[in-house]
Structure formats: C-alpha cells, structure tokens
Amino acid sequence: MEWISGAAGALVLVLVLTSTLRTLVVPRGLYSVLVFRLWWLLRRLLRLAAPRGGYQAIDRAQTWLAPLMLIGMLVTWLGGALLGFGLLLYAASPLSWTTAFREAGSSLFTLGFASGARLKLSVLDFMAAATGPVLIALQIAYLPTLYAAYNRRELEVTLLQARAGEPAWGPEILARQWLVDTETALPELYRAWERLASDMGESHSTYPVLLSFRSPRPHRSWLVGLVAVMDAAALQLALDPRLAPPEARLVLRAGFTALRDIARVVRIPFDPDPSPGSPIRLTFEEFDEAVAMLGAAGFRAERSPKEAWPHFQGWRVNYETVAYELCRRCDAVPGLWTGPRDFSGGPIPPQRPVDRRPGAGRPELPPVPE
C-alpha cells in the first residue's frame, strides 16, 4: 500500500508541476490537460445558469468564466500538491491518512502547526513549504501579463465600434467608410489590426485563458472584430483589387496565422493549406446581398459579385473553419458571418447610429440583410 501511495503521490506532483510550467512559465503554447478540463467543466456549469436564455443570458453567465478560471487553476494546483505530498508523507512514514494530509497541508501553506520531529520527513515538509508560496507567487505574477494583453486587445476592439458597429461585420466596415467618405482611413485600420492580430496570436496561444476574457460590452468581441476586419479586407481585394491597399493582404495573412496559432493550442483541427476552391459555409446569396448593400453605400466595384466570389472564397477558406469554431467555443456574440453558436437565437446585425445631421443629409445605409 505504501508503494502505491508513494507512486500515486509522485505522479500527482508531476502532473501539477507540468501543468503549472506549461501554463505559467514556458513561453510557448503548450496544452495542459488540467487547465482545459477545468475550462470545459466551468463553461458547462455556467451554461446551466442560462438553460433557455439567448445570447444576453449566456453573456451574463460567461462573464464569470475568466475569474473562475484564474481561481480554479490555483485551487486545482494547490489541491493537487496537497494530495501528492499527503500521499508521499503517508508512504514514507507510519502516519495515518488524516495525520499525513494534515502535515502536508501545514507545510504546503507554511503554517507549521503540524510538523513533527521526524528527520526523514523534513525533506518532504520543506518541499511542500516551498511549493505553496511558489504556486501563489507565479499566479500573482501571471495576472499583470494577462491584463496587459487584455487591455491592448480591448482598446482596438473599442475603436472598431465606430467603424463597424456592434457586433462588428465586415461589409459594414466598408459601407460606413464609403458612406461618409473616410475610405482613405482603411489602410491605417488594416495596419492596426495586423499588429493586433500578431499580438493576439502570440499572447492568446501562450496564455489560452485569455480566450475566456470577455469584452466589457456584451456586443463586442475580439474574435468577431478580427473576422469582420478580415472579411472587409477580403471583400475589398475581391471586388476592387486595383484600388485595394496592400495592407489588406497583410492583415489577412496576420489574421489567419494568429487564428491558426490559437487553434493549435486548443486543438482545433484545420487544413494548413486549403485549396482556394474549397467550399465555405458562407453562401453566395449572403455575399451577393452584402455587395448590393455596399453598392447602395457608394462602393464602386471593379468586379461583379459572380466574378468576385471565387476570389473572396479563396481568401475566406483560410480562416473560416477556425474562426467559426473559436466563436462557438468562446460563446462570442453571434455577429453576421461568424457561424452558429451552442445557444438559441440567430445572428445579431450591427447597431447603427441615427443620422442627426440637419436637412436631408446623405442617405443612410440600407437594412442589413438577414
């Protein structure tokens, strides 16, 4: 029995140490079974708080996922360390189960009230006494990194609201720029999101818990925003390739590279080199309706919708599968062209401000196609 307890305790400690290093220390996106199982469990428990609700109820419940993940990781690691050291103390001494776990807890949390005068257990007591503070210190040092990445992300998502509405939508970005004659600002937008996509690809694959951090406003989402900017760039390249800025190609490349980096960490399968002619889930009818809306806003396309569709499809096939699956797993706001969700309700069109200019003004955008 002692040998079994000792082997089990050593195995538990190895699992805890490996999970901690993979999540907090190693600067590379490594899969941690403990962390992802915890995420899976907490996400489903929070879904129980809104069994029949639509997106608003899901969003309120999932707001708690990130803080519960941070607390849950620490509790899981400390609980695993307590179990591992308790089993080792029981295996290395004549202590009873309760006494062994009491001493392990006393040493782990550096309380020292249950330590005994047994020399051969001192090494285990010292290791346990060092493990607890180290785990807590690593978690504390982890938080500033997370919130710095979160703030960088949400700043650009908030700035996108004026250009794309809430929730963001690719055709809406182009339509708004042409409606108010600000299309010359698109290269700057693409440059900003190229840098942000690269930042998110690095930070969210290194610290996957960032995927559970939601935006302050329910209709904002970094995922939906990234898909919208990429769709806008793909639309511009497909419809008007001569006048499309070179930044459009760069943001598309940075965007689907970032999504694929994240997909590898959370183990979403994807084709790394899809054929440009591979089918996509977005239909030509949806694309055609969006192009018609762009035309009503003043966008003059060089290609017809039928001519542009294969080019748009060739761009979107690089990121659609991963984007849809990430949006589903993160319970992102169901914006247009972002795929289905696990909760009831259809896609939410972008909210548009009312034109308050005196006089007739310019015509407003046509209704968003359902």
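Contact here means heavy atoms within 4.5 Å. The model shown in these views is predicted.

**Figure 1. Overall fold of the predicted model, with 13 helices and zero strands.** From the N terminus on, the elements run α-α-α-α-α-α-α-α-α-α-α-α-α. The C-alpha trace spans about 90 × 45 × 35 Å along its principal axes. Of the 370 residues in the protein, 51% are buried. Among contacts with a separation of 6 or more, 72% join residues 24 or more positions apart.

**Figure 2. The largest nonpolar core, made up of 76 residues.** The members that touch the most others are Ile173, Tyr190, Trp193, Leu259 and Phe312. Helix H9 (residues 222-239) contributes the largest share of this core, with 15 residues. In soluble globular proteins, nonpolar side chains tend to be buried together.

**Figure 3. Surroundings of Leu259, one of the residues that touch the most other members of the largest nonpolar core.** Neighbours within four places in sequence are left aside in this view. Beyond them, Leu259 is in contact with Leu223, Leu226 and Met230, and also with Tyr319, Val322, Ala323 and Leu326.

**Figure 4. Packing of helix H7 (residues 170-179) on helix H11 (residues 284-297).** Two packed helices are described by the angle between their axes and the distance between the axes. For H7 and H11 the angle is about 10°, and the axes lie 8 Å apart. H7 is therefore roughly parallel to H11, since angles under 35 degrees count as roughly parallel. The crossing of the two helices is right-handed. On the H7 side, the contact is made by Pro171, Glu172, Leu174, Ala175, Trp178 and Leu179. H11 supplies Ala290, Met293, Leu294 and Ala297. Nine residues of this contact are nonpolar, none is polar and one is charged.

**Figure 5. Helix H13 (residues 320-329) and the helices that its buried residues pack against.** Glu320, Val322, Ala323, Tyr324, Leu326 and Cys327 of H13 are buried. The buried residues of H13 pack against H9, helix H10 (246-266) and helix H12 (305-316). Val322, Ala323 and Leu326 are also among the contacts of Leu259. H13 is followed by Asp331, which has a positive phi, near 50°.

Terms used: Residues numbered from 1 in each chain as written. Predicted model: local features only at pLDDT ≥ 70, side-chain atom pairs only at ≥ 80, totals over all residues. Heavy atoms only, no water. Core = buried A, V, L, I, M, F, W, Y, C linked by side-chain atoms within 4.5 Å. Buried < 20%, exposed > 50% of the residue type's maximum accessible area, 1.4 Å probe, protein only. Helix = DSSP H or I, 4+ residues; strand = E, 2+ residues; numbered from the N terminus. Axes fitted to C-alpha atoms, helices over the stretch in contact; angles between N-to-C directions. Parallel < 35°, antiparallel > 145°, perpendicular 65-115°, else oblique. Left-handed = near helix turned anticlockwise from the far one by under 90°. Nonpolar A, V, L, I, M, F, W, Y, C, P; charged D, E, K, R; others polar.
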